[in-house]
Amino acid sequence: MKKILITGGAGFIGSHVVRLFVNKYPDYQIYNLDKLTYAGNLENLKDIEKSPNYHFIKGDIVDAKFIDKLFQENRFEGVIHLAAESHVDRSITDPLEFIYTNIVGTVNLLNAFKQVWKGDLDGKKFYHISTDEVYGTLGETGSFTEKTPYDPHSPYSASKASSDHLVRAYHDTFGLPVVISNCSNNYGPNQFPEKLLPLFIHNIKNNKPLPVYGKGLNTRDWLYVEDHASAIDLIFHRGKSGETYNIGGNNEWKNIDLILKLCGIMDKKLGRTPGTSEKLVTFVKDRAGHDLRYAIDSSKLQAELDWNPSVNFEQGLEKTVDWYLSNEAWLENVTSGDYQKYYEEQYGKREIREIRH
Ligand code: NAD
Ligand code: DAU
């Protein structure tokens, strides 16, 4: 394949995937299609924007006419589809945007891909990037496998589950060569500071309260973003059509334990007395429908494609903190303007249950 469309390439994970593909595959032409919503930022790709095999297209996947024309003109042989509305809290306040982008946008891409390649599907691939949240929530034990029944609880995860079903339906009904992966929580550079780790790094730095939902007992399985990108590379090239692969870090953390660990690292990096940052921990009203625990069984990916996470969590977390501390301009840029309004709406009136100190 030579011409590859990556959607959502200006976002957090997408930018790491674009960088990997542009640098690793000079023979490929990489097209990054992104609407540049609040979460999309071309600053994330400054280092590769002049590469001869990189092309940026600003556009909306919800616009079917535009997508059809784009595919007719470019005949992308491979698609790696990451564009999405991705934040659970925003899906609780504004679900409809998630339905348009995550469901309608995905179907528009499937239709355009089908239209261009009907009867000539050999060597083509449509790769849909999804989340472990489609599987719902776990109790104290067990992990999600590719066979775990879907049971989404937030408008975000329901919209992703719906898009996964549609991608599979296009495989079963129209024979499209599709592959899906469902990954756990990513962390690393360039993540928008609405998500737990960058938000808390930003707040600690600015001595602002750390809004921990509920009692902080929810558990997530954390994976360094470049390890997700390396799994995407493998699955795109070697994943079998019609198959699903789970991707996870085998690295579970209860939120409160992770937050206290982060506070310790931040004290050290900012030269503060140990114990200073954890005094910012503030327990607030829980997220509605908050899933208790996610854990991924990625043994299929390990066995079939020989993938394993390569970044050790201690090092990954330090690297992440260092990146945010040394990229102040990036952080200031994305937290100016509309971010303040978002923050006030999400947290300004949120009921405080307990302050740690
Ligand atoms: P993100 O919010 O950082 O980036 C999303 C990107 O999509 C942005 O650049 C945005 O501008 C673009 N976009 C949004 N709506 C669009 C539209 N209508 N048309 C074109 N572009 C549009 O998201 P992320 O965290 O990088 O997640 C990327 C993908 O990976 C998503 O599909 C998400 O569901 C999935 N995922 C994320 C995680 C995670 O931990 N972040 C884990 C598993 C799966
Ligand atoms: O599991 C994969 C998913 O991980 C992706 O599909 C989503 O796109 C991504 O946003 C992420 O979803 P989460 O809801 O798990 O991530 P978030 O960073 O929003 O929250 C992580 C945990 O921290 C969760 O239990 C909620 C909690 N939390 C989050 C925020 C933003 C807080 O306690 N306080 C907060 O302010």
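**View 1. Strand β12 paired with strand β13 in the predicted model.** Strands β12 and β13 (residues 352–355) run antiparallel and are joined by three bridges; strands pair if DSSP finds at least two bridges between them. Thr 282 stands opposite Ile 355 in β13. Strands are DSSP runs of E with at least two residues, helices are runs of H or I with at least four, and both are numbered from the N terminus. In this predicted model local features need pLDDT of at least 70 and side-chain atom pairs pLDDT 80 or more, while totals for chains, interfaces and linings use all residues. Residues are numbered from 1 along each chain as its sequence is written, ligands from 1 in the order written, and side-chain values use heavy atoms, without hydrogens and water.

**View 2. Strand β12 and its two faces.** Val 281 and Phe 283 on one side, and Thr 282 and Val 284 on the other, are all buried (under 20% relative accessible area, 1.4 Å probe, protein chains only). Four bridges join β12 to β8, and these two strands run parallel. Val 212 stands opposite Phe 283.

**View 3. Polar contacts of ligand 2.** Oxygen atoms of ligand 2 lie 2.6 Å from a polar side-chain atom of Arg 287, 2.7 Å from one of Tyr 347 and 2.8 Å from one of Asn 185; a polar contact is a pair of N or O atoms within 3.5 Å. Taken alone, ligand 2 exposes 690 Å², of which the protein buries 95% (Shrake-Rupley method, 1.4 Å probe).

**View 4. The shell around ligand 2.** Eleven nonpolar, eight polar and six charged residues form this shell.

How values were computed:
A polar contact is a pair of N or O atoms within 3.5 Å; within protein, one must be able to donate a hydrogen and the other to accept it, and residues adjacent in sequence count only if both atoms are side-chain atoms. Ala, Val, Leu, Ile, Met, Phe, Trp, Tyr, Cys and Pro count as nonpolar, Asp, Glu, Lys and Arg as charged, and the others, Gly among them, as polar. Buried means under 20% relative accessible area, exposed over 50%, partly exposed in between (1.4 Å probe, protein chains only).
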